[in-house]
Amino acid sequence: MVARVIPVNPFDLVLFGATGDLAKRKIWPGLFRRYVAGQFDDSSRILGVSRSELDDDAFRDRLRDIIPTSTTAEKDQLDRFVALVSYIAIDAKGDRGWDALAKTVRPETERAFYLSVAPNFFGPIARRLRDRGIATETSRIVVEKPFGHDLESAKALNAELRDCFEEHQIYRIDHYLGKETVQNLMALRFANSLFEPLWNASHIEHVQITVAESLSVEGRGEYYDNSGAMRDMVQNHLMQLLCLTAMEPPSKFQPNAVRDEKVKVIEALEPVQQSDIARGQYRSGTGHDSYLDHAGNPDSRTESFIAMKVNVANWRWAKTPFYLRTGKCLRARTSEIAVYFRNPPHMIFPGIDTPSGNVLVIRLQPDEGMTLHTTIKDPGPGGMRLTEASLDMTFADSLADSAQPQDAYERLIMDVIRGDQTLFMRGDEVEAAWAWADPIIQGWQERNHKPQAYDSGGSGPDDALLLMHRDGRRWRPIGA
């Protein structure tokens, strides 16, 4: 099977924050890979924008240093790619550089503005793009998370953007939605007759969604201490995974049809009781300090780990809980959705314990793929003995003859150029997520709740284990 690359129309992409960390790690290398793949050609242009005073040649030299190449052919392609790039120094909240940008963008091409900057720059940049006539009615603007700090700030941010752009022009990017496996979750459910009839409370006992990170917050502790795991991960990344797992089939695979169903899931979430939440902070461990040291705040009440039990109040999911878990400094880096199916209603094999059940594990990282755990007869003579066997599909192995999965940013940026908003968050979706999350956070603040300490390199605090044990369940081992 050979992957098809569908070229996009010629475009002008203006990247604000072109010298920042995200641009260096993800955006510039991703754009180069799409160029090498033939998804766009020399008829497109990319404009790097930042505060630094650089000329085109100096900026292109920087790109050559940060974009990896492995062959002579790729080095030649990199020279052609950087020739498409120019640079403009702009003061996002002042007047410097805006006239030069207005003269540089071409009137006949698609225009996209990627704001890889702090949220406090979104409004000023959007207003200047509008007021100076740089943004047209067909232009698109891309903004990175965080989309606000709470419901009030999210509403204010949405109002600023909508004052300058229509909702169909605004692309709120969440890179989790660009992962191959996340999109395959929709294909698995809605393109196969095997799973969808079973995808409900009658057949699914519970669902676990885990996003575990092995790294600490060292180097960004002050920033992280103002957000925490709830704001940084649950309200956006885990919420998106929950929505895609629990949503009803959309009438069509179109942006608003998909996003309508996601909003319905968020609005159906029951309020979470404080007793159904576990919060933690990692202790110091071998080779690194504690969260409190990294945050520079010995009295911090911010969580680096959170686990919670969530219920979706609708017919499909009544009495089937979703368990969400995410944290820093855990045993391994892994992201997965584990769907636990109910055991058979009657065990026909006398004297044999009930099998552990079927579990569908959808892996987002590090090895994207899916595994279905099944119960089979243990091979060999001696009567009927049951054991577990796994049906595994790792994309890198199963699709070896195809192109390797793209990085999420590669796919999402090309979707922006196409004008496809399916994998981007809508304004009402962001606000609905904050409306659900705010009361939880306010409950901690009112109680001045202190997170429970947990060992670095482990599975989180004891309270998270008790949360599951109380319901007669266990977490899947992290990194299993």
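Which residues does Gln208 touch, not counting residues up to four places away in sequence? Select Gln208 and show its surroundings: Tyr323, Arg325, Glu336, Ile337, Ala338, Tyr340, Met468, Arg474, Trp475 and Arg476. Contact here means heavy atoms within 4.5 Å.

Before going on, note that this is a predicted model, where local features need pLDDT of at least 70, side-chain atom pairs count only at pLDDT 80 or more, and totals for chains, interfaces and linings use all residues. Residues are numbered from 1 along each chain as its sequence is written, and side-chain values use heavy atoms, with hydrogens and water left out.

**Stop 1**

Helices (H or I, at least four residues) and strands (E, at least two) are DSSP runs, numbered from the N terminus. Gln208 counts as buried because its relative accessibility is 2%. The cut-offs are under 20% relative accessible area for buried and over 50% for exposed, with partly exposed in between (1.4 Å probe, protein chains only). Its side chain makes a polar contact with the side chain of His206, at 3.1 Å. Such a contact is a pair of N or O atoms within 3.5 Å; within protein, one must be able to donate a hydrogen and the other to accept it, and residues adjacent in sequence count only if both atoms are side-chain atoms.

Now select Tyr323, in strand 10 (residues 322-327). Tyr323 is buried, at 0% relative accessible area. Leaving aside neighbours within four places in sequence, its contacts include His206, Gln208, Met308, Met468 and Trp475. Look for the side chain of Arg473: a polar contact of 2.6 Å joins it to that of Tyr323.

**Stop 2: helix 5**

Select residues 122-131. Helix 5 is mostly covered, with seven of its 10 residues buried. Colour Phe122, Gly123, Pro124, Ile125, Ala126, Arg128 and Leu129 to see them. These buried residues pack against strand 1 (11-16), helix 4 (98-104), strand 4 (110-115), strand 5 (140-144) and helix 6 (151-162). Step just past the helix to Gly133, where phi is positive, about 70 degrees.

**Stop 3: helix 14 and two partners**

Two packed helices are described by the angle between their axes and the distance between the axes. Axes are lines fitted to C-alpha atoms, for helices over the stretch in contact, and angles run from 0 to 180 degrees between N-to-C directions.

Show helix 6 with helix 14. Their axes are 9 Å apart, at an angle of about 170 degrees. The pair is therefore roughly antiparallel. Angles under 35 degrees count as roughly parallel, over 145 as roughly antiparallel, 65 to 115 as roughly perpendicular and the rest as oblique. On the helix 6 side, pick Leu151, Ala154, Lys155, Asn158 and Arg162; in helix 14 they meet Gly427, Asp428, Val430, Glu431, Trp434, Ala435 and Asp438.

The axes of helix 9 and helix 14 (residues 427-447) come within 10 Å and cross at roughly 140 degrees. These two are therefore oblique to each other. Helix 9 contributes Met230, Arg231, Val234, Gln235, Met239 and Gln240 to the contact, and helix 14 contributes residues including Val430, Trp434, Ile440 and Trp444.

**Last stop: Glu261**

Finish in helix 10 (residues 255-268), at Glu261. Glu261 is buried, with a relative accessible area of 12%. Apart from residues up to four places away in sequence, Glu261 touches Met247, Glu248, Pro249 and Pro250.
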